[in-house]
Amino acid sequence: MDHGKTTLNKAISVVLNKRLGLDSETIRVNEPMEGTSLTTLSLKGKMLNFFDFSGDYQYEDFFENYKCDIDVVVLVCPQAEGAMGGTRQQIKLCLENGINKIVMYLSKYDIFQEDFYEDEFLYDAIPEDVQNLLEEYGYTGKAPIVRGSAEKAISFPDENWGDSIEELVNVILEK
């Protein structure tokens, strides 16, 4: 399944580099455990770590073996498809580990616009379904929603696609 997590991680680096002048000294990418990438950057006086897990096993293993403070989780769901199979397990692990801020990034919005641009029901139904899933697992509050295309943001960081990445980072920085 391709949610767009890896591409989003790359887009964050590309857009922030282009728009804010963050360079390789500020943005670091490494692999702390097999199948996982970590992008680290310092922004507005805060250290941000973006983990990208290639599968549910790595995600569970991370929570079991690496005790660290995680303030925010970004659930990446394709706008046209919504929550996929592993999303339930990811939400459950977040809540079990005390993560109380979840942000929805509805990815591949460019494809959605091309294929479903007149479908207002689907535009609203996907985030509502994910929000209902969060509530089903006991998450209280409304998860912020950011729609975008990480792939387009990489290719066009100065255009509106890059705006969605900057919006996502700003939502993450809000506490």
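Predicted model: local features only at pLDDT ≥ 70, side-chain atom pairs only at ≥ 80, totals over all residues.
Which residues point one way from strand 5, and which the other way? Residues are numbered from 1 along each chain as its sequence is written, and side-chain values use heavy atoms, with hydrogens and water left out.

**View 1. Overview of the protein.** The secondary structure comprises seven helices and six strands, where helices (H or I, at least four residues) and strands (E, at least two) are DSSP runs numbered from the N terminus. Their order from the N terminus is α-β-β-β-α-β-α-β-α-α-β-α-α. Of the 175 residues, 44% are buried, that is, under 20% relative accessible area with a 1.4 Å probe and protein chains only. Among contacts (heavy atoms within 4.5 Å) with a separation of 6 or more, 67% join residues 24 or more positions apart.

**View 2. The two faces of strand 5.** Ile 102, Met 104 and Leu 106 point one way from strand 5, whereas Val 103, Tyr 105 and Ser 107 point the other way. In a regular strand, side chains alternate between the two faces of the sheet. Because six of the six residues of strand 5 (residues 102-107) are buried, this strand is largely enclosed by the rest of the structure.

**View 3. The neighbours of strand 5.** Strand 4 (residues 73-78) pairs with strand 5 in the parallel sense over six bridges; pairing requires that DSSP find at least two bridges between the strands. Cys 77 lies opposite Leu 106 in strand 5. From strand 4 the chain passes through helix 3 (residues 87-96) to strand 5 in a right-handed β-α-β crossover, meaning that, with the strands pointing away from the viewer, the path from the first strand over the helix to the second runs clockwise. Strand 6 (residues 145-147) also pairs with strand 5 in the parallel sense, over three bridges, and its Arg 147 stands opposite Leu 106.

**View 4. Pro 78 in strand 4.** Pro 78 belongs to strand 4 and counts as buried because its relative accessibility is 1%. The C-alpha atoms of Pro 78 and Leu 106 are separated by 5.3 Å, although these residues are 28 residues apart along the chain.

**View 5. Helix 7.** At 1.5 Å a residue, the 14 residues of helix 7 (residues 160-173) should span 20 Å, and the end C-alpha atoms are 20 Å apart, which agrees. The expected span is 1.5 Å times one less than the number of residues. Buried residues of helix 7 include Trp 161, Ile 165, Leu 168 and Ile 172.

How values were computed: Buried < 20%, exposed > 50% of the residue type's maximum accessible area, 1.4 Å probe, protein only.
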